[in-house]
Amino acid sequence: MQIRQFISTALLAIATATLAGSASADVAGAQSFVEREHGKMKKLVEQNASDDQLRQSIDGMVDYDALAQRTFGKPCPPTISNCTVHWGELSAEQQKEVTGLLRKLVEKNYIKNLNKTRDFEVTYRGAKEHGENTSKVRTEAKSKLKPRDPPVQVDYVIAEGGGTYKVVDIVTEGSSMTKNYYDQFHRMLTTQGQGYPYLVKKLQDKINAPAAKDSK
């Protein structure tokens, strides 16, 4: 009986370890992905590539569906214990609409930042697990023209699935992009006189705003 119990316990431990291993994130693969994609975009910027070429490169790096879901509380931001999952409140058409708008806004902001930091040197500070099948890759960008300026810390939250990697959040100096949008969207959706149409209008305004005046 004791031998059977020992064998059962051992098999259970092995099975549990196997399951835990399958859910762990490939942090090395995530960092390699970020380094590779950053390298591609850096070359494009140095070659004065068109915005369309930069968009294509960005689109290959970002999972807009997952990013949009996170901005509406699916999953909830880790720092908010009882958030509202607004994503499930949207119709399929609304989900498609806001995903498309967020894609345009992320592309616009990313291109602006790529051009703004073309003379920055990026250093990769390692990666760590950030949840099931998710890693956080830390980078630091430092201006070569203004060496006395402190480096800017940017973390990329990378989701892994089927051997592919995608960015699902960007954390700049500790501030999560999807969490910031969630806070804004939650406020708009729960404020009387605003709601979904108001949210869409605000996104469209940000997309259409001249780059020089767009604070986001």
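**A close look at Gly60 and its surroundings**

Setting aside residues within four places in sequence, Gly60 has contacts with Phe33 and Lys166 (contact means heavy atoms within 4.5 Å). The model is predicted: local features need pLDDT of at least 70 and side-chain atom pairs need 80 or more, while totals for chains, interfaces and linings use all residues. Numbering starts from 1 along each chain as its sequence is written, and side-chain values use heavy atoms, without hydrogens or water.

Gly60 lies in the loop between α3 and α4. Helices are DSSP runs of H or I with at least four residues, strands are runs of E with at least two, and both are numbered from the N terminus. The C-alpha atom of Gly60 is 8.4 Å from that of Glu37, and 23 residues separate the two along the chain.

Now step back into helix α3, residues 51–59. Its buried residues are Leu54, Ser57, Ile58 and Asp59. An α-helix has 3.6 residues a turn, so residues three or four places apart point the same way. What covers the buried residues of α3? The cover includes the helices α2 (27–46), α4 (64–71) and α5 (92–116). Strand β4 (164–172) is also part of the cover.

Five strands form an open sheet in the order β1-β2-β3-β4-β5, with antiparallel pairing. β1 (120–131) and β5 (175–176) are the edge strands, each pairing on one side only. Two strands pair if DSSP finds at least two bridges between them. β3 (residues 152–161) runs antiparallel to β4, and 8 bridges join them. Glu160 stands opposite Tyr165 in β4. Val157 has Asp169 of β4 as its bridge partner. β3 and β4 form a hairpin with 2 residues between them. Gly162 sits in that turn with a positive phi of about 60 degrees.

Thr178 belongs to helix α6, residues 177–190. Thr178 counts as buried because its relative accessible area is 5%.

The loop between α4 and α5 comes next. Phe72 and Trp87 both lie there, 15 residues apart. Their rings form a tilted aromatic pair, 6.0 Å centre to centre, with 55 degrees between the planes. (Rings of Phe, Tyr and Trp, by its six-membered ring, pair if their centres lie within 6.5 Å; under 30 degrees is stacked, over 60 edge-to-face, the rest tilted.) Phe72 is buried because its relative accessible area is 1%. Trp87, at 8%, is buried as well. The model holds 4 aromatic pairs. Phe72, Trp87, Tyr181 and Phe185 form one aromatic cluster.

There is 1 disulfide (cysteine sulfur atoms within 2.5 Å). It joins Cys76 and Cys83, whose sulfur atoms are 1.9 Å apart. The disulfide is left-handed because the torsion about its S-S bond is about -85 degrees. Cys76 is partly exposed at 28%, whereas Cys83 is buried at 15%.

Finally, the whole protein. It has 7 helices and 5 strands. Their order from the N terminus is α-α-α-α-α-β-β-β-β-β-α-α. Of its 216 residues, 35% count as buried. Of the contacts between residues at least 6 apart in sequence, 55% join residues at least 24 apart. The accessible surface is about 12,900 Å², from the Shrake-Rupley method with a 1.4 Å probe; for residues, only the protein chains shown count as cover. Carbon and sulfur atoms account for 52% of that surface.

Definitions and conventions. Buried < 20%, exposed > 50% of the residue type's maximum accessible area, 1.4 Å probe, protein only.
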